[in-house]
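User: I am new to reading structures. Can you take me through how the terms are applied?

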Amino acid sequence: MRKHILHHLQGAALVLGLAAALLPAPRYAAASPTLQQGSHGHDVLILQEKLRKVGYEVAADGIYGKDTERAVAAFQRDQKIRITGIVTNATWRALRNAKIRTWGSNVKKPSAPATATKKTATAPNGKTILPQYKVSSILYTAKKYLGTPYVFGGSTPKAFDCSGYLQYVFRENGIRIPRTADEQYKLGLRTMSSRELVPGDLVFFTTYEPGASHCGIYLGQGDFIHASSSGVRIDNLSNTYWGPKYYGGKHIVI
């Protein structure tokens with residue numbers, strides 16, 4: 001009798017385990033990696049950029065060192081959550097909801113973005129803006145800066161951030177687009193599938209906050225070029241890191 005009950009309980013546990021495995025993991029958990037001193041890479045860079053945006057002075061270098069740990073601990077203290085210097089779901093949630101501060105006591109006032117050499121109007125939202133004959137030039141310019149290092153706020157060939165890189169490439173080809181990824185997402189026409197993208201279109205990703213917070217230029221064959229934490233590089237929309245973060249594409253080619 002005891003063996004029969006034990007066998008029944010084991011079978012039930014196996015069924016529950018399989019059911020749990022088949023359920024989709026919570027979306028937020030997948031986007032909320034635990035970070036601590038010694039961590040490095042794009043997730044750390046996302047953390048550092050968000051800390052800077054909400055008023056904490058830290059280098060955006062993708063390396064979780066003592067300065068980043070101190071900034072995290074200060075943020076946790078100010079948010080009245082447990083001070084550990086380690087970023088878990090609670091800290092990510094607080095960062096997501098924290099108010100963005102352009103500049104203040106702990107943040108240097110940002111320099112104005114470089115202006116175009118020619119007076120051109122900013123591209124209109126919700127419309128295609130890139131003539132077909134300029135696509136090859138856009139892609140050539142974009143690839144010319146492969147390997148350029150990443151710096152938060154960078155918008156010149158010395159160093160780029162993601163949206164600064166796009167703005168510079170388009171400006172070099174006589175097209176003025178907004179400075180930030182969320183504003184650039186307003187350009188063009190929304191695509192229903194990545195299969196609708198053509199070379200020269202824009203692609204966007206959700207990283208440190210909901211919505212479009214990272215961007216790149218579509219090259220074709222699923223590849224896109226962008227300024228990542230390791231510098232300007234080419235990646236594929238379906239790779240294990242960027243695939244789950246893909247927010248959508250905007251068709252801008254006329």
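Analyst: Here are some helix and sheet terms, each set against its definition. This is a predicted model, where local features need pLDDT of at least 70 and side-chain atom pairs count only at pLDDT 80 or more, while totals for chains, interfaces and linings use all residues. Residues are numbered from 1 along each chain as its sequence is written, and side-chain values use heavy atoms, with hydrogens and water left out.

User: Why is helix 3 called oblique to helix 4?

Analyst: Take the angle. The axes of helix 3 (residues 42-53) and helix 4 (residues 66-78) cross at roughly 50 degrees and come within 11 Å. Axes are lines fitted to C-alpha atoms, for helices over the stretch in contact, and angles run from 0 to 180 degrees between N-to-C directions. Under 35 degrees counts as roughly parallel, over 145 as roughly antiparallel, 65 to 115 as roughly perpendicular, and the rest as oblique. Therefore helix 3 is oblique to helix 4.

User: Which residues of helix 3 and helix 4 meet?

Analyst: Leu47, Gln48 and Leu51 in helix 3 meet Thr68, Ala71, Val72 and Phe75 in helix 4. Contact means heavy atoms within 4.5 Å. By class, this contact has five nonpolar, two polar and no charged residues. Ala, Val, Leu, Ile, Met, Phe, Trp, Tyr, Cys and Pro count as nonpolar, Asp, Glu, Lys and Arg as charged, and the others, Gly among them, as polar.

User: What makes helix 3 oblique to helix 5?

Analyst: Helix 3 and helix 5 (residues 89-97) pack at an angle of about 45 degrees, with axes 10 Å apart. That angle makes helix 3 oblique to helix 5. Helix 3 supplies Asp43, Ile46, Leu47, Lys50 and Leu51 to the contact, and helix 5 supplies Trp92, Leu95 and Arg96. By class, there are five nonpolar, no polar and three charged residues.

User: How do you know that strand 4 and strand 8 pair?

Analyst: Count bridges. Two strands pair if DSSP finds at least two bridges between them. Strand 4 (residues 202-205) and strand 8 (residues 246-251) have four bridges, in the antiparallel sense. Val203 stands opposite Gly249 in strand 8. Strand 3 and strand 8 pair over two bridges, also antiparallel. There, Leu189 has His251 as its bridge partner.

User: What makes strand 3 and strand 7 edge strands?

Analyst: Strand 3 (189-190) and strand 7 (231-236) each pair on one side only. The open sheet of six strands has the order 3-8-4-5-6-7, with antiparallel pairing.
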